[in-house]
Every structure is written in structure tokens, then in C-alpha cells.
Amino acid sequence: MLERLASLESEPKARRAALIEAARIAEEVIGDRQRAVRSLDVWLKQDPKDVEVLTKLVDNLRATGDTRALVAALEARAACVPGTDDAQSDHLEIARVLARFSGDASGAIDAYKRVIELYGATDEIVDELSEQYDAERRVDDAAALYAAEVRRVTDVPRRAELFARLGDAERKRGDVEASLSALLSALGLSPTSRDAQGALERLLGVLSPTEPDKRSVFARGVEALAKSFEAAGQDDRWLALVPARLAASDDPDHKCAVLLSAADLEEAGAGGEVR
């Protein structure tokens, strides 16, 4: 009935009030969110920049689960709200709706990139964007994102984490030198980083000390990993690296030192008994 009365109103203020009331009754009394949406849409065709009505529309569309219409309404509201914070909130919600509910990773990536370009990066937004890059297997974009972030971020643990991710991304791109460089930077910031250790193990897994062009990277990587295990007191993992360290080394003195250290560690682990 109220929708019909609203259609008969010629005065805009009265028509707006009638349509808002019709939407309220549909939402709160009847429980018909779709009907509420239709009433609000009628007014927005007349005044598409009415932020109050757009907000009511957004609230109802969240409840209906119509993600396409919700994204459109958020876009419309973001273009009209006076405050930067409100626009940022809407733009970020668009990215999250596309990522989490629409399954539109490509659209979500564009939306997250817009948020970063307009408002700057945060750790949370970068992590959410990187998830979408992973979903789309956009390794080059992920590597570029992490490289930019290690320049932006000052928090040491976060930088170590980002360098570890960058190392993984560079490995996937096939650049083992860049991968090792990033992982050494991660361990330089956090010598016992589990993220960097895991990424370095994955890098070593695609290398071989018998490949002349990869031998140097393998040797430097395995020594860095051994140093990290030693710093963390991870004796079993350190010992497990001994064969790889011996295979990667051409220095007899270094091999002897590795074997002697391994013997000492095993003896200490056996309670001092000579084995």
C-alpha cells in the first residue's frame, strides 16, 4: 500500500519519506528484504546520490546476499560520501565481497589495488591481496608486492616475513639467485625465522650441488640454513643437513669442521658417550 501511495506523491520530499517507510515496514515488519530493496531503488532512480537511502540499501543487500547489487550500491555510496574514511571503508568492503563471497579473484585484485593506490597499504590489506594473487597464481605480481612492502615496512618481524614470502615468490618465478638473496635478508633480520627456514628448504629442494650453475646458490643456502638451525637449537635438523653441506663443499678443511661439529653434537646428545 505504501509503495502505491508513494507512486501517487508528486512532492519529492513526501515521496521519499513514503518509500523509506515502505522499505522499513518490508524489512522490520514483514521481513521481506527484497521488497525493501525495491522500494529504496525506486527513490534512488530519482536521486542516486542520496547517501542515507544508499546506506539503507546497502544494509538490506548485505542481508539478501545479492553480492553484485551490493558491490554496485557500495560503489555508488563511495562516490557520494563526504569523508575519505567512509569511501575507504566502502572500497575495502567491495574488495572483500568480491574475494570472499563472489569468488571473483580477478575483480578482488583490482579492488584491493585501488584501495592501496587511493589510501595506502596496510599489513592486513597486503595480506588479503596476496591471498588473491596466490589464488590466481600471479607470482610476478606477488613478488612485486612483497618487494614494495619490504621498502615500506619498518617493523623487523614483518619485514623478515615479507622477505621470506619474496624468496618463495622468486623461487616460483625461477630466479634462484633473487630467491636466495631475499631469504638471506629474512634470516639477517630474524636468524631463527621459521618462515625463512621453510622457504629456504623449498629453494634447496629444487637445487642440486651437482649442477654447476646452481652449486654456488645451493652451497650458500645450505650453510645459511645450518646457521639458522644452530641459532635456534634445532640439533636434529642441523645434523640432517650434514650430507648436503658435505656435497656442496670443495674445501677439505670445511668438510672436516662440519664432521667434527656433527660428532661433537651427537656425542653431546648421547650424554657424553663416545659413539
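Which residues line the largest pocket? They are Ser130, Tyr133, Asp134, Arg137, Arg138, Val139, Ala142, Tyr146, Arg165, Asp168, Ala169 and Lys172. This is a predicted model: local features need pLDDT of at least 70, side-chain atom pairs count only at pLDDT 80 or more, and totals for chains, interfaces and linings use all residues. Residues are numbered from 1 along each chain as its sequence is written, and side-chain values use heavy atoms, with hydrogens and water left out.

**The largest pocket**

- The largest pocket holds about 190 Å³ of space. On a 1 Å grid over the protein atoms alone, a pocket is an open set of points where a 1.4 Å probe fits, with protein on both sides within 12 Å along at least five of seven lines; lining residues have an atom within 4 Å of a point.
- α8 (123-136), α9 (139-152) and α10 (156-173) each supply at least two lining residues. Helices are DSSP runs (H or I, at least four residues), numbered from the N terminus.
- α10 gives the most to this lining, with four residues.
- The lining has five nonpolar, one polar and six charged residues. Ala, Val, Leu, Ile, Met, Phe, Trp, Tyr, Cys and Pro count as nonpolar, Asp, Glu, Lys and Arg as charged, and the others, Gly among them, as polar.

**α10 with α12**

- The axes of α10 and α12 come within 9 Å and cross at roughly 15°. Axes are lines fitted to C-alpha atoms over the stretch in contact, and angles run from 0 to 180 degrees between N-to-C directions.
- α10 and α12 are therefore roughly parallel (angle under 35 degrees).
- From α10, the contact uses Glu161, Ala164, Asp168 and Arg171. From α12 come Asp195, Ala196, Ala199, Arg202 and Leu203. Contact means heavy atoms within 4.5 Å.
- By class, this contact of α10 with α12 has four nonpolar, no polar and five charged residues.

**α11 with α12**

- α11 (residues 176-189) packs against α12 (residues 194-205) at an angle of about 155°, with the axes 10 Å apart.
- The two helices are therefore roughly antiparallel (angle over 145 degrees).
- Val176, Ser179, Leu180, Leu183, Ala186 and Leu187 of α11 meet Ala196, Ala199, Leu200 and Leu203 of α12.
- This contact of α11 with α12 counts nine nonpolar, one polar and no charged residues.

**α3 with α4**

- α3 (residues 33-46) and α4 (residues 51-64) pack at about 150°, their axes 9 Å apart.
- That makes α3 roughly antiparallel to α4.
- The α3 side of the contact includes Leu40, Trp43 and Leu44, and the α4 side includes Leu54, Leu57 and Leu61.
- The residues of this contact of α3 with α4 divide into ten nonpolar, three polar and four charged.

Notes. Points joined across faces, edges and corners; volume = space filled by probe spheres on them. Parallel < 35°, antiparallel > 145°, perpendicular 65-115°, else oblique.
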